[in-house]
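Student: I have a structure here and a few things to ask about it. Can we go through it?
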Amino acid sequence: MNGYWSDIFTGSKSLVTGLLITAREFFKPVVTEQYPYEVPTMTPLFRGHIELIGNEETGQPNCVVCGLCQRACPSICISLEGKKAEGEGAKGKVLTSYVLDFTKCSLCGSCVESCNFNALRFSKEYNLASFDKNDFIMDLLKRVEDQNRCKH
Amino acid sequence: MTVPISLRHDETFVLNLGPQHPATHGVLRVILTLDGEYVVKAEPVLGYVHRMHEKLAEGGTFAQFMPNTARMDYLHALAFNHGWALVVEKAAGIEVPERAEYIRVITVELNRIASHLLWWAAFLLDLGGFTPLLYAFDDREKIIDLLERVTGSRLTYCYMRFGGVYNDIDDEFIAGTRDFIKRLRSRMPRFYHDLVTHNIILIKRIKDIGIITPEQCRRYGATGPVARGSGISYDIRKNEPYSVYPEFDFDIPVFDECDSMARYMVRMHEMEQSLRIIEQALDKLPDGPVMGKAPKVLKPEAGYYYSAVETARGSLGHRLVCDGGKNPYKVKLRSPTFSNLSLYGEVAEGMMLADALAFMGSLDLVIPEIDR
């Protein structure tokens, strides 16, 4: 019988303690981020999908088609092609296509780290939901051209 | 004449718990043979999220396996990063700068607290309490924001590199971490202990439930809070120190009760010990580079290598076989939760169904790490 009454006593004590804590919290401001009314603040290191960096003067990608990013990628999601540069005094290669298969990408950053020519960076895109798989097979060369058009 | 129901003691039925069940935290299937409410036999079935990570390691270079490590134990991903970095550094003989070691310890311990907070939240959710989850996630969110600042990701980190870390920590991270230590310490007594630990419902649900004897722990190779809740003082950070752990003053919480409550208390105390480690590491943080000298293409000498780290769930061993090439010849992981789950069948025998689920929660299972 002793245990019975002490159980009721301790039980009601924990109940009141718990209710007091939650009741006090009830009147505090909400801590949840109110997306989409509030936009999240991005850290400088935020990893969106990768994008090519355009040259500041010409707007052409800095990429020299060395293929290091392709080899560094653990998920084989980068495919790029280039051709020999044309015109007088031109040397090296020019990028003709750079396709990222974002469905396979795990955002590990190996490609960006492996790049020695300042040609790749992470974008700040995060609104990426889609019903179509093809939306995630991204033509990054077209993306850099679009960015150039927006600039001018 | 029919036998009255009360006399039919030999009749059992089979209940399929999972593979999709909120209490199994992932795709674990448990075939339960029940006699009324009592468990006669419990048989865990694995393999639903097997992705052959160990085999995948053989197909790529050493660095290419780093993102995979985080996808095994997604709750304590940095410890898996750390384990892989350690074994490869051992194989290739790479030196790590001291600052990088300190940063590794700080981030791994922050991640350990986040893992314990999530366990705490999910465990209480299993027991039917929803409110604690919101308080724990509030605190966990602070850690994730801090780690996102330095690692670039929120959950599946790829932060460690052979010979250092990916990115240096800045003053804002250090200030934020100090704030977080203060915040968690001030919230711990009220939101964690007053609200939950001393709550009579929790005590009645988990005290003296799920007794794992030290002998069982040894037989199944259980480690981490499961072993420490059974009175076995074993923690890789103390017993086989790695990185800069010997330089810090911290305790290994051990409880002798062997029940679910003991495992609960071990994890609650471990959070405080992790905070102590982080505090000391921030005070002692040396200057210098965060990346040592490491060759671009790693070709460790042929041989067998092993190293172990302590994750939030127990000891994690990496065994690496090299043949002198630039890919690992073979990788084998000794993951803690596999051993911890193995004893489930034996211990759950004779329990009531609701207790068996509470006991399963107290083991802190992460299924992708078991299946890999």
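Student: Is V65(A) buried or exposed?
Tutor: This is a predicted model. In it, V65(A) has 21 other C-beta atoms within 10 Å, so V65(A) is buried.

Student: Where does V65(A) sit, then?
Tutor: V65(A) is in the loop between strand 1 and helix 2 (68-72) of chain A. V65(A) is not a glycine, yet its phi is positive, about 55°.

Student: And L107(A), how many C-beta neighbours inside 10 Å?
Tutor: L107(A) has 18, and therefore counts as partly exposed. Its phi is positive, about 55°, although L107(A) is not a glycine. The loop holding L107(A) runs between strand 3 (93-101) and helix 3 (110-114) of chain A.

Student: Which peptide bond is cis?
Tutor: The one from Y35(A) to P36(A), with omega near 5°. P36(A) belongs to the loop between helix 1 (2-26) and strand 1 (50-52) of chain A.

Student: Switching to chain B. What is the strand order in the sheet there?
Tutor: The order is 6-7-8, in an open sheet of three strands with antiparallel pairing. Strand 6 (303-311) and strand 8 (330-334) of chain B are the edges, each pairing on one side only. From one strand to the next, the twist averages 15°.

Student: How many bridges between strand 7 and strand 8 of chain B?
Tutor: Five, in the antiparallel sense; strand 7 covers residues 314-322 of chain B. V321(B) stands opposite K330(B), which is in strand 8 of chain B.

Student: Which helix lies across strand 6 and strand 7 of chain B?
Tutor: Helix 3 (residues 77-92) of chain B, running at about 150° to strand 6 of chain B.

Key
Residues numbered from 1 in each chain as written. Chains lettered and ligands numbered in written order. Predicted model: local features only at pLDDT ≥ 70, side-chain atom pairs only at ≥ 80, totals over all residues. Pairing = 2+ DSSP bridges. Helix = DSSP H or I, 4+ residues; strand = E, 2+ residues; numbered from the N terminus. Axes fitted to C-alpha atoms, helices over the stretch in contact; angles between N-to-C directions. Contact = placed C-beta atoms within 7 Å. Buried ≥ 20, exposed ≤ 12 C-beta atoms within 10 Å, placed from the backbone.
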